[in-house]
Amino acid sequence: MFKISVIIPVYNTEKYLKDCLDSVLAQTLQELEIILINDGSTDSSLEIMEQYCAMYPERIQVYSKENGGQATARNMAIPLCRGEYIGFVDSDDYIEPEMYEKMYAKAKESDADYVECDYVNVKINEKGEQERIADYGSRVREYTCKKDMFIDPMLAPWNKIYRRELLQNSKVIFPEGLIYEDTAFCLKAISLVEKFAFVPGKYVVHFFRGGSTMNVNKSRKVADIFSVLKDVIDYYKDQNLFEQYKPELEYEIVKILLCSSLERIAKIPDKKLRKQFCGDTWNMIKEYFPDYKKNTYMKGKGMKKLYMRLVTGWNIRLFCRLFMFRKDEI
């Protein structure tokens, strides 16, 4: 039986795919399967996947589908997994050899539903050089309790493993047709976890590639965050868990709206669109969390908390403009 199923969605990553697959196959934990979902690639990615499948037929499965985005690929793969735990790897990243052995051992030792490890962010600059960069906002750490998992978490699945039955028997999926789908999935998946564990090693090397220029289509997709966060709120309400975790959800969702999301809005070249999304941001906060400044997690010292307490409907555009001068970008 496989100990871990590794899901890798692939779309036009021929330049990086071999390095990614080699890093997964080089894992010191050998009892793992790799599920590759070809998401309508138009380059040689499918050919590379089929070559690896031919070399490792007992460990690699390849499935193809029409292009529909990473969320559709991951959702397709989850029911196909046979391992005790499910992990996710991006096809242009790579992982350190001991990652899954360490995480699986911790999971068994703790009987954990969920294990998380640390990671390294690397940005590829315009010269093609690698630059290690700091992560913004999240605190990968050992959680003190379940509610702590909502506070500044790392909202990506690629540094985590989940007990397979939890995902396969739940309504937690990646919202399709939207960007920032990782945010919704990771926040919803917290509801499934009863026992959790942490491995402190930096076992994932996560790359940020390509230019940062905001075109019209990319600018409009920034607004997907509103649908993604509404998906999270609706899920917790449907599961009758919203009131139980409201303070934590309120803090995290408002933080996303006023920090990472507003920073992306600030990068939009179209002034009217920036103004519209600033208004949409404040309207969402007013609709769902009008009293967020009274939230216990908003109290205390720190520039971020102070900033979040200072934002109002009339000055949010001013803060957005201040984000425009921030050069660091992920």
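**Helix packing and burial in a predicted model**

**View 1. Helices α6 and α8 form a right-handed crossing.** In this predicted model, helix α6 (residues 181-189) and helix α8 (residues 224-238) have axes that come within 8 Å and cross at roughly 20 degrees. Because an angle under 35 degrees counts as roughly parallel, α6 and α8 are roughly parallel to each other. On the α6 side the contact is made by T183, A184, L187 and K188, and on the α8 side by V228, L229, D231, V232, Y235 and Y236. Sorted by residue class, the contact of α6 with α8 comprises 7 nonpolar, 1 polar and 2 charged residues. An α-helix has 3.6 residues a turn, so residues three or four places apart point the same way.

**View 2. Residue A184 lies in helix α6.** A184 is buried, with a relative accessible area of 0%. When its neighbours within four places in sequence are left aside, the residues in contact with A184 are P175, V228, D231 and V232; of α8, V228, D231 and V232 also belong to the contact with α6. The C-alpha atom of A184 is separated by 6.8 Å from that of F174, which stands 10 residues away along the chain.

**View 3. Helix α6 is largely enclosed by the rest of the structure, because 9 of its 9 residues are buried.**

**View 4. Helix α3 (residues 70-77) is mostly covered, with 6 of its 8 residues buried.** The buried positions in α3 are A71, T72, A73, R74, N75 and A77. These residues pack against the strands β1 (4-10), β2 (32-39), β3 (60-65) and β4 (85-88), and also against helix α6.

**View 5. Helices α1 and α2 make a right-handed crossing.** Helix α1 (residues 17-25) and helix α2 (residues 45-55) pack at an angle of about 25 degrees, and their axes are 10 Å apart. The two helices, α1 and α2, are therefore roughly parallel to each other. In the contact, L17, K18, L21, D22 and L25 of α1 meet S45, I48, M49 and Y52 of α2. The residues of this contact of α1 with α2 divide into 6 that are nonpolar, 1 that is polar and 2 that are charged.

View 6. Taken along the principal axes, the box filled by its C-alpha atoms is roughly 60 × 45 × 35 Å. Of the 330 residues, 53% count as buried, and among the contacts in the protein with a separation of 6 or more, 79% are accounted for by residues 24 or more positions apart.

Notes. Residues numbered from 1 in each chain as written. Predicted model: local features only at pLDDT ≥ 70, side-chain atom pairs only at ≥ 80, totals over all residues. Heavy atoms only, no water. Axes fitted to C-alpha atoms, helices over the stretch in contact; angles between N-to-C directions. Helix = DSSP H or I, 4+ residues; strand = E, 2+ residues; numbered from the N terminus. Parallel < 35°, antiparallel > 145°, perpendicular 65-115°, else oblique. Left-handed = near helix turned anticlockwise from the far one by under 90°. Contact = heavy atoms within 4.5 Å. Nonpolar A, V, L, I, M, F, W, Y, C, P; charged D, E, K, R; others polar. Buried < 20%, exposed > 50% of the residue type's maximum accessible area, 1.4 Å probe, protein only.
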